[in-house]
Amino acid sequence: MNPAYATVDHVFTVPLDHAAPDGPTLQVFAREVADPSRAHEDLPWLLFLQGGPGGKSPRPSGTSPGWLAHAVKTHRVLLLDQRGTGRSTPLTARAAARFPDPARLAAHLAHFRADAIVADAELIRRALCGDRPWETLGQSYGGFLTLTYLSRAPEGLAACHVAGGLPGLTATADEVYARTFPRVRDRVREFYARYPDDAGRLRRVADLLAAQDVRLPDGDRLTVRRLRTLGLVLGMGDGFERLHALLDEAMDGDAALTDTFLYQVMALTGFIDNPLYAVLQETLYGQGAGPTGWAAARTHSALPEFAEDADPLLLTGEMIYPWMFEEIRGLRPFEEAAARLAERTDWPPLYDPARLAANTVPLAAVVYHDDMYVDAGLSLDTARTIGAARVWVTNEWEHDGLAASGDRVLARLMDLATGRA
């Protein structure tokens, strides 16, 4: 039986700092994927830009997302592990611990934002395609990368597809979190309305954690504030059911938490596979407008309804707090460097509004009306300012609609980009 996909692995050497090409280098990994029956054809390329930050590309398998099967009908797909992720010189906790001091680690991390990833992509495009432009598919943060790409190197792009990832071009971290926290609050209330008993379960777990020193399998203490970060899953299509299943098996009687619960909480909240998600989260909004300064923590502290003793207990979402770098084993080597990044004031801009307004590259984007992570209002404001942009707004899916919809979201985006829809 033929395999589902024909794959070729590529490794590219790129500068750590593209402004200093003779300096230190990184290895960037990407996997080429094609339909086996068309592997030898001269197909157009589609670069997949994974969400995150800090997320590696998916690995093709029998359970690959439906969008990939749809894409290889017409394209040769490149699954890029963005610098620092997967097999691209991974910047793990162990790697971070090898840096001689926090200042050097912070300086290193500053080269892992969208501008550097786009420069990597252009180097790779030239190696694989020469002068021929390619198409992109950006999931979530991949949409942020797409707008940086259109701002810096639109000549490399033939068409762009974005799923749940149009950022506010000038939105500060404070504005983003001012919009995000109310949506998280509403999502938690919806969860409790669907599963009323879970409000009491969560409160009992929180009270137990406040009274006892409970340890996760890796030795970290499970605190109430770390428990609350489980709310991150509520923005996905199956998030309510995943959290309910977790809480349903949380308690071993009234005085202890089950090993199953503790293991799953460790995996869900430990950033073991993607520490850069936490380290770089607020740098996405740094564009020379002053330090981000732990904006999520600052916004959180001003909202009494998110207090730990509030009833019902509200979970939190896609927010990163300084305490995480003290309490979470996989983030501790980044603690002082992350603090330095939070205070940095000279971030270069990631988007060029004038160039985006004059854009002629077809851009098709889906905006999820109820997206818990990326504000639909900011996304639509941005879409109105970009030339050649076509936008589809839907509440049929949550933030993971690209993967959850089978091939439907990508098929619609491709039709939008070509003017068929």
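Colleague: How many salt bridges does the structure hold?
Modeller: This is a predicted model. Side chains of opposite charge can pair when their charged atoms come close. Counted over the structure, the salt bridges number 32.

Colleague: Which residue forms a salt bridge with E241?
Modeller: The closest N and O atoms of the pair are 2.7 Å apart. That is within the 4 Å cut-off. E241 lies in helix α9 and its partner in helix α6, so the pair ties together parts that are 47 residues apart in sequence. The partner is R194.

Colleague: Is R194 buried, partly exposed or exposed?
Modeller: Buried needs under 20% relative accessible area, and exposed needs over 50%. R194 has 47%. So R194 is partly exposed.

Colleague: Which helix holds both D198 and R201?
Modeller: The side chains of D198 and R201 meet in a salt bridge, 2.6 Å from N to O. The two are 3 residues apart, so about one helical turn separates them. They sit in helix α7.

Colleague: How many residues apart are R225 and E327?
Modeller: Their side chains meet in a salt bridge at 2.5 Å, N to O. R225 is in helix α8 and E327 in helix α13, so the pair links distant parts of the chain. The separation is 102 residues.

How values were computed. Residues numbered from 1 in each chain as written. Predicted model: local features only at pLDDT ≥ 70, side-chain atom pairs only at ≥ 80, totals over all residues. Heavy atoms only, no water. Helix = DSSP H or I, 4+ residues; strand = E, 2+ residues; numbered from the N terminus. Buried < 20%, exposed > 50% of the residue type's maximum accessible area, 1.4 Å probe, protein only.
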